[in-house]
Every structure is written in structure tokens, then in C-alpha cells.
Amino acid sequence: MAVGVTAVTTTTVDRVTTLTLDTPRNRNALSTQLVQELTAGLAEAGKDPGVRAIVLTHSGGTFCAGADLTEAGGSIERRTSEMLGLLRAILETPKPVIGRIDGHVRAGGMGLVGACDIVVAGPASTFALTEARLGLAPSIVSLTLLPRMNSRAASRYFVTGEKFGAHEAEAIGLISEASAEPESTVEEILASLRPSSPQGLAESKKLVTAAVLAGLDERGEELAAQSARLFASEEAREGMMSFLQKRQPSWEK
């Protein structure tokens, strides 16, 4: 990315900080820069006593396409560690984090959705866990997805890579609400949050994130290691190259 160009745009208006994933040219993929800027933005908003809530949204037609496969030659261990840190940052930020989505969500982007406290998705939204098609697995993102999705849905979508829409995402517990007008719905939710005290919001959020954080503490390192191992495998390299080259992987021939 060009020097001085940000990957995450931050605005604060009326006690709400909005963090916008803003690299539509690569479908808001989880580049090192985007992950670092988003983690820093969450920390900054979390420390601001005037902020009551954080909205996580996107520019372009994709919320987040998952890992930035063009960075596959970098340190896998560092990238998996940063992803774990980002999920933890969303969960531990002492403000409600509301996802406002009206676009495509894939792979690692699904982990961000699972980590948010409230998620509203519009009619342009589609969701898919595509890792198995690339020789990978939704290792790290399972830490935030499995506590949200019902078990039958997880058993299906973790392995098939199928796309599904906002209403299905609501039905299986992945998102809070499918809305024809996600911006208006999020504004209604924010209006209900603004009268709450900082302490009340922080302590109430802890009650519902405690179990997810416990799972992250218990299995985070193990699943980060699994993710790193899979990314480094020959099969995954073939899967990622076939995706970038827009061809069938060897196992489909």
C-alpha cells in the first residue's frame, strides 16, 4: 500500500467511533496493515471515555475477504498471532462493537463477525467459510464462530464453503439481525446504547464475552499453530495459487 494511505478510516460522531475497513481494491482483505490499524483503532476507541460504542463497517461491496493471499510469503506465525490479537481486541474492548455489513464476508472476515457483540447485515450481504476449498481450515476464526453459530450450521458451512445470505445468517445465530436498511437499524441500536454508562456497558459486555475469551485462552495458541501449519503446506500453497490464478486446484482435475 502507498505510503500515507490508511487501511482503516476512523471517525467519531455523537459518542460513536466508526472504524471502516477501507481497502476495497483488495476486498478489504486482512493485510498486515489493516489488521494492525484496526487493532490500534479499537484500542484508541476503547480508551476514550466519551465513546459509548464502536461501529465496524466497510467501503465497497465486500466487508472482508479473509486473509490477504498476496502476503502469503511473509511470516505465517506473525500473521496468525496478529489475527488472534485482533479478535481478542474486539472481545476485550470495553465498548459494544456493532458490525454493520452490506457486502460479502469470507473466511477470516467471518471471524470478525463472530467477535462483534451485535451484527446487522443488509440485503447485499453473503457469507462463506471458503478455507476447506483452499486446503486450509477455519482454525482461528472458529474461536468466535462456534460460540455463535448453531452446531448443525457449523458442521455444514465449515466444510462445504457454500454461500448463504443475511436471513440464513440470522437464523443460525451468526448475526443479530438481517435488515433491509442496515444503517437505520444500527442507528436505532446506537440510540438505545447512548444513555448507558461506560461502566454499565463494559461490565455487561464482559458477561457475554467471558466464555468466548475463555475458549480463546484455552485453544488460541493451538489453533494458531494449526493455521500456520496448514498455510505452509503444499496442498494449501496449491489452493491459494489456483485461487490467485483463477484456475482449478489439482485435486479437482
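Two notes come before the stops. This is a predicted model, in which local features need pLDDT of at least 70 and side-chain atom pairs count only at pLDDT 80 or more, while totals for chains, interfaces and linings use all residues. Residues are numbered from 1 along each chain as its sequence is written, and side-chain values use heavy atoms, with hydrogens and water left out.

**Stop 1: the whole chain**

Show the chain as a cartoon. It has nine helices and ten strands; helices (H or I, at least four residues) and strands (E, at least two) are DSSP runs, numbered from the N terminus. The radius of gyration is 17 Å, close to the 18 Å from the globule rule for 253 residues, so the chain is as compact as a globular protein of that length. That radius is taken over C-alpha atoms, and the globule rule is 2.2 Å times the number of residues to the power 0.38. Along the principal axes, the C-alpha atoms fill a box of roughly 60 × 40 × 35 Å.

Accessible areas come from the Shrake-Rupley method with a 1.4 Å probe; for residues, only the protein chains shown count as cover. Of the 253 residues, 52% count as buried. Buried means under 20% relative accessible area, exposed means over 50%, and partly exposed is in between (1.4 Å probe, protein chains only).

**Stop 2**

Select Thr 18, which lies in strand β2. Is Thr 18 buried or exposed? Its relative accessible area is 16%, so Thr 18 is buried. Apart from neighbours within four places in sequence, Thr 18 is in contact (heavy atoms within 4.5 Å) with Thr 9, Thr 10, Thr 11, Val 55 and Thr 57.

Next, select Arg 15 in the loop between β1 and β2. Its phi is near 70°, a positive value in a residue other than glycine. Most residues other than glycine have a negative phi. Arg 15 is partly exposed, at 36% relative accessible area. Then select Asn 28, in the loop between β2 and α1. Asn 28 also has a positive phi, near 50°, but is buried, with a relative accessible area of 0%.

**Stop 3: helix α1**

Select residues 32-47, which make up helix α1. Its 16 residues reach 23 Å from first C-alpha to last, close to the expected 22 Å. The expected span is 1.5 Å times one less than the number of residues. Among the buried residues of α1 are Leu 34, Val 35, Leu 38 and Leu 42. Their cover includes β1 (8-13), β2 (16-21), β3 (53-58), α2 (76-92), β5 (97-101) and α3 (108-115).

Glu 44 is also in α1, but counts as exposed at 52% relative accessibility. The C-alpha atoms of Glu 44 and Thr 17 are separated by 9.6 Å, and the two residues are 27 apart along the chain.

**Stop 4: helix α2**

Select α2. Its end C-alpha atoms are 24 Å apart, in agreement with the 24 Å that its 17 residues should span. Buried residues of α2 include Ile 76, Met 83, Leu 87 and Ile 90. What covers the buried residues includes α1, β5, α3, α4 (142-145) and α8 (198-231).

**Stop 5: salt bridges**

The structure holds eleven salt bridges. A salt bridge is a side-chain nitrogen of Lys or Arg within 4 Å of a carboxyl oxygen of Asp or Glu.

- Show Glu 92 and Arg 88, which meet in a salt bridge (3.2 Å, N to O). They are four residues apart in helix α2, so about one helical turn separates them.
- Show Lys 206 and Glu 203, whose closest N and O atoms are 3.3 Å apart.
- Show Arg 237 and Glu 234, with a salt bridge of 2.7 Å, N to O. Both lie in helix α9, three residues apart, about one turn of the helix.

**Stop 6: a nonpolar patch**

Finally, select Met 241, Phe 243 and Leu 244. These form a nonpolar patch on the surface, with about 280 Å² of accessible area together. Patches are made of residues with over 30% relative accessible area and no salt bridge; like charges are joined within 9 Å, and nonpolar side chains (Val, Leu, Ile, Met, Phe, Trp, Tyr) within 5 Å. Leu 244 is in helix α9 (residues 234-244) and is partly exposed, at 40% relative accessible area.
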